[in-house]
Amino acid sequence: MNEERKIAVEEVDAVDKPAKARVDDAVMAPSPHDAEGDLAKLERKRDYLEGFLAQKPTEDPAGEPGGDVYDAIIDTLKSIYDPEIPVNIYDLGLIYGVEVTDDGHAVVSMTLTTPHCPVAESMPGEIELQVGSVPGVGHAEVNLVWDPPWDPGKMSDEAKLELGML
């Protein structure tokens, strides 16, 4: 039973593009329960889609997460390394918060690994200078806080991996 099968091959130069689907062309399948309800649902979907397509993207405020100034400050903080631990202060979890006002005033709340840290006097000043040099920042302020105290759980996964803790 050796049956030979043949495949027909047709060569073409081009294929027409299929028509694009349109909301206006949508047809609801008839429902035995509530035909009028299905049409109302379709109309609501059309209204939603029209509103969605008409909506313009909003810009992130410069001082909010996702904004240019805020992101530049975070990048600057990620370039500052703890002198005793080979990890940047942001991934180390020393930065508790960054706030930027509309007029370019940046406030960084941070801690250190311990109050007896050898750089306790110099680190906040260095961070203030670095953040103050970010374009869009008019004035920078660093608040050194001890509550809540720092612990290794505040480190990012990247920092833990770098230190062999993962």
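The following passage describes the fold, surface and selected residue pairs of a predicted model. Residues are numbered from 1 along each chain as its sequence is written, and side-chain values use heavy atoms, with hydrogens and water left out. Because the model is predicted, local features need pLDDT of at least 70 and side-chain atom pairs count only at pLDDT 80 or more, whereas totals for chains, interfaces and linings use all residues.

The chain contains four helices and three strands, taken as DSSP runs numbered from the N terminus (helices: H or I, at least four residues; strands: E, at least two). Their order along the sequence is α-α-β-β-α-β-α. Of the 166 residues, 29% are buried (buried, under 20% relative accessible area; exposed, over 50%; partly exposed, in between; 1.4 Å probe, protein chains only). Among contacts (heavy atoms within 4.5 Å) between residues at least 6 apart in sequence, 53% join residues at least 24 apart.

Gln 130 lies in helix α3, which spans residues 123–132, and is partly exposed at 31% relative accessibility. Beyond its neighbours within four places in sequence, Gln 130 contacts Thr 76 and Ile 80. The C-alpha atoms of Gln 130 and Ser 79 are 9.4 Å apart, with a sequence separation of 51 residues.

One salt bridge is counted (a side-chain nitrogen of Lys or Arg within 4 Å of a carboxyl oxygen of Asp or Glu). Lys 154 and Asp 151 form a salt bridge with closest N and O atoms 3.7 Å apart. Lys 154 is partly exposed, at 30% relative accessible area, and Asp 151 is likewise partly exposed, at 34%.
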